[in-house]
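Please look at the sequence and the three-dimensional structure together. The explanation after them leads from one part of the fold to the next.

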Amino acid sequence: MRFIGIIPARYASTRFPAKPLALLGGKPMIQRVYEQVNGVLDDAWVATDDERIEAAVKAFGGKVVMTSTTHRSGTDRCYEAFTKIGHGFDVVVNIQGDEPFIQPQQIKSLCKCFDDPSTQIATLVKPFAETDGIEAVENPNSPKVVVDARWHALYFSRSVVPYRRNVPREEWMKDFTFYKHIGMYAYKAETLREITSLPAGTLEQAESLEQLRWIENGYTIKVGISEIETIGIDTPADLAKAEAFLQASRTTA
């Protein structure tokens, strides 16, 4: 199978306008993401709605395609980009444009889910460690995933799922593994076309998680495991933390 990586990158953001162009270690964040992805898959592109991002990608030698400013989600942006540049690819890998520390091994783990020919959509999870503390599991900004015996996602939630009845809260993590969702997706090309035409469902509206729309409509999501902690950047404060992490990693390298 042939895999194409698409990195959605929009300019407007309520919490962090112009986020893809923010400098991290002297490079635009979108460049750092692109460099982590380029060469791992058969091809990689940035999909943007803004000429300033387009110019920045071209300046560092990346591939970029312009898309609409009206998309509801990164998934929709990926599909438009795929219709323009994705001929000859079987699977589309949606890489978040605010994940500059994504590792090639994570991308490979996601792609490996398609070794099963029945896989329609794939995503990644990371087990919460006991040392993370129950507060990390309770964080509504960190969605949790429940999987079945075949490693398909049963449900995603901002709440703690499953609820451990008759177990004291302080003991919830001692002998049970909760899974944190890592917001990467890969889709069979035909599945991507289908899901972008679906209306938002009640579960998605309740949790503000678009993947629930797919489950609610009968699609299966294969889940791969990663032990690597990702650092997503949603706010300028997150960028400052990422800068400190980058500098610390250079010091210890």
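Predicted model: local features only at pLDDT ≥ 70, side-chain atom pairs only at ≥ 80, totals over all residues.

Residues are numbered from 1 along each chain as its sequence is written, and side-chain values use heavy atoms, with hydrogens and water left out.

Helices (H or I, at least four residues) and strands (E, at least two) are DSSP runs, numbered from the N terminus. Two strands pair if DSSP finds at least two bridges between them. Strand E8, residues 144-147, pairs with strand E9, residues 153-157, in the antiparallel sense over four bridges. The hairpin of E8 and E9 has five residues between the strands, and Trp151 takes a positive phi near 60 degrees there. E8 also pairs with strand E10, residues 179-188, in the antiparallel sense, over two bridges. Val145 illustrates both pairings: its bridge partner in E9 is Phe156, and its bridge partner in E10 is Tyr179.

A parallel pairing is found elsewhere: five bridges join strand E7, residues 121-127, to strand E11, residues 221-225. Within this pairing, Ala122 stands opposite Lys222 in E11. Four of the five residues of E11 are buried, where buried means under 20% relative accessible area, exposed over 50%, and partly exposed in between (1.4 Å probe, protein chains only).

Consider Ile221, which lies in E11. Why does Ile221 count as buried? Ile221 is buried because its relative accessible area is 0%. In sequence, Ile221 and Ile121 are 100 residues apart, yet their C-alpha atoms are 4.8 Å apart in space. Contact means heavy atoms within 4.5 Å. Not counting residues up to four places away in sequence, Ile221 touches several residues, including Ile121, Ala122, Trp151, Phe156 and Trp214.

Ser109 counts as buried because its relative accessibility is 19%. Leaving aside neighbours within four places in sequence, Ser109 is in contact with Leu124 and Ile225. The buried residues of H4 are Gln106, Ile107, Ser109, Leu110 and Cys111. These buried residues pack against strand E1 (3-9), helix H1 (29-37), strand E6 (91-94), E7, E10 and E11.
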